[in-house]
Amino acid sequence: MRIGIAGITGRMGIYLAEEAAAAATLAGGTSRSRPAMAGHAPHFADITALARESDVVIDFTHASTVTAHAEALAATETPWVLGTTGYGAEEEAAIAAAAKIIPIISSPNFCTGINLLLLLAEKLGAALDGTQYDAEILEMHHRQKLDAPSGTALALGRAVAAGRGVALADVIVSGRDGHTEPRRDGDIGFAALRGGQIVGEHEVRFTAGDEQIIIAHRAFDRRVFASGAVRAALWLHPQPAGLYTMRDFLHL
């Protein structure tokens, strides 16, 4: 199977290229810095050219590319592994439209451990009453990371909210500067830390008056995200059109 990498010379793109070459055939990639192509892989001028030579494309690029990539991959009928985060409603609509034509697996995090953490967060959200247990999500990443809270932290918040039967948008508190009222029952709080070259740390804390429950995950090597995405690509290729998550891939 031929795997193409969008943004092949980026921080994640290099790992994705190595993992793809080890597990399948590396078709090549797109890059804004062609002279530094990872492993001398073939360079393609744009996402459409890459898609035509790939059986599946893995994309960890940038929120600004999501709509264009959705349209291009749908037009070439190329399955899409999407690990990009930080996009909004317009991009979500483009992804949904493309999923009517091609199989897409979209996840803020392709690490197996994180996806198990998401499942636990939802179950604990359902089991622990929001009027008694305050939910707080803490994350820390390397100093270059732009979006805050991270896509994974927001996914954890959505998991807790789903367990409680509410929408995250109705209960989210991200940063508390200027807040003059005490914490409200049911709020889900976020704290985003940045520094050094931390790969990724996430904690979900449920705190009551007499006890605290903490579930956490720490990634030590970015390769864990790349290997998970490549395994997801191998699984996705034969699937029918539709929008999938890591729960589908992991049978959770």
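Good morning. Please bear in mind throughout that the structure before you is a predicted model. Is Ala72 buried or exposed? With a relative accessible area of 9%, Ala72 is buried, because buried means under 20%. Leaving aside its neighbours within four places in sequence, Ala72 is in contact with Ile47 and Thr48. There is also Ala51 to consider: Ala72 and Ala51 stand 21 residues apart in sequence, and their C-alpha atoms are 7.9 Å apart in space.

Strand E4, residues 80-82, runs parallel to strand E5, residues 103-106, and three bridges join the two. Leu82 stands opposite Ser106 in E5.

The next topic is antiparallel pairing. Strand E6, residues 134-141, pairs with E9 in the antiparallel sense, over seven bridges. Ile137 stands opposite Val204 in E9. Strand E9 also runs antiparallel to E10, and here eight bridges join the two strands. How many residues does the hairpin from E9 to E10 pass through? The hairpin joins E9 to E10 through four residues. Within this pair of strands, Thr207 stands opposite Gln212 in E10.

In general, side chains of opposite charge can pair when their charged atoms come close. The structure holds 13 salt bridges, and I shall describe a few of them. Glu201 forms one with Arg218, where the closest N and O atoms are 4.0 Å apart. This pair links distant parts of the chain, since Glu201 is in strand E9 (residues 200-207) and Arg218 is in strand E10 (residues 212-219), 17 residues apart. Both partners are partly exposed: Glu201 has a relative accessible area of 26%, and Arg218 has one of 40%.

Arg218 also meets Glu203 in a salt bridge, at 3.0 Å from N to O. Why does this pair tie together separate parts of the sequence? Arg218 lies in strand E10 and Glu203 lies in strand E9, so the pair ties together parts that are 15 residues apart in sequence. Glu203 forms a salt bridge with Arg205 too, with a distance of 2.8 Å from N to O. Glu203 counts as buried, at 13% relative accessibility, whereas Arg205 is partly exposed, at 27%. Taken as a group, Glu201, Glu203, Arg205 and Arg218 are linked in a network of salt bridges.

My last topic is a pair of helices. In general, two packed helices are described by the angle between their axes and by the distance between the axes. Helix H5, residues 112-127, and helix H6, residues 151-164, pack at an angle of about 30°, and their axes are 6 Å apart. Is the crossing of H5 and H6 right-handed or left-handed? The crossing is right-handed. On the side of H5, the residues that meet H6 include Ile114, Leu117, Leu118 and Ala121. On the side of H6, the residues that meet H5 include Ala155, Leu156, Ala159 and Val160. The residues of the contact of H5 with H6 divide into ten nonpolar, three polar and two charged. Among the residues in this contact are Glu122 in H5 and Arg164 in H6.

Thank you for your attention.

Methods. Residues are numbered from 1 along each chain as its sequence is written. This is a predicted model: local features need pLDDT of at least 70, side-chain atom pairs count only at pLDDT 80 or more; totals for chains, interfaces and linings use all residues. Side-chain values use heavy atoms; hydrogens and water are left out. Two strands pair if DSSP finds at least two bridges between them. A salt bridge is a side-chain nitrogen of Lys or Arg within 4 Å of a carboxyl oxygen of Asp or Glu. Buried means under 20% relative accessible area, exposed over 50%, partly exposed in between (1.4 Å probe, protein chains only). Contact means heavy atoms within 4.5 Å. Axes are lines fitted to C-alpha atoms, for helices over the stretch in contact, and angles run from 0 to 180 degrees between N-to-C directions. A crossing is left-handed if the near helix is turned anticlockwise from the far one by less than a right angle, and right-handed if clockwise. Ala, Val, Leu, Ile, Met, Phe, Trp, Tyr, Cys and Pro count as nonpolar, Asp, Glu, Lys and Arg as charged, and the others, Gly among them, as polar.
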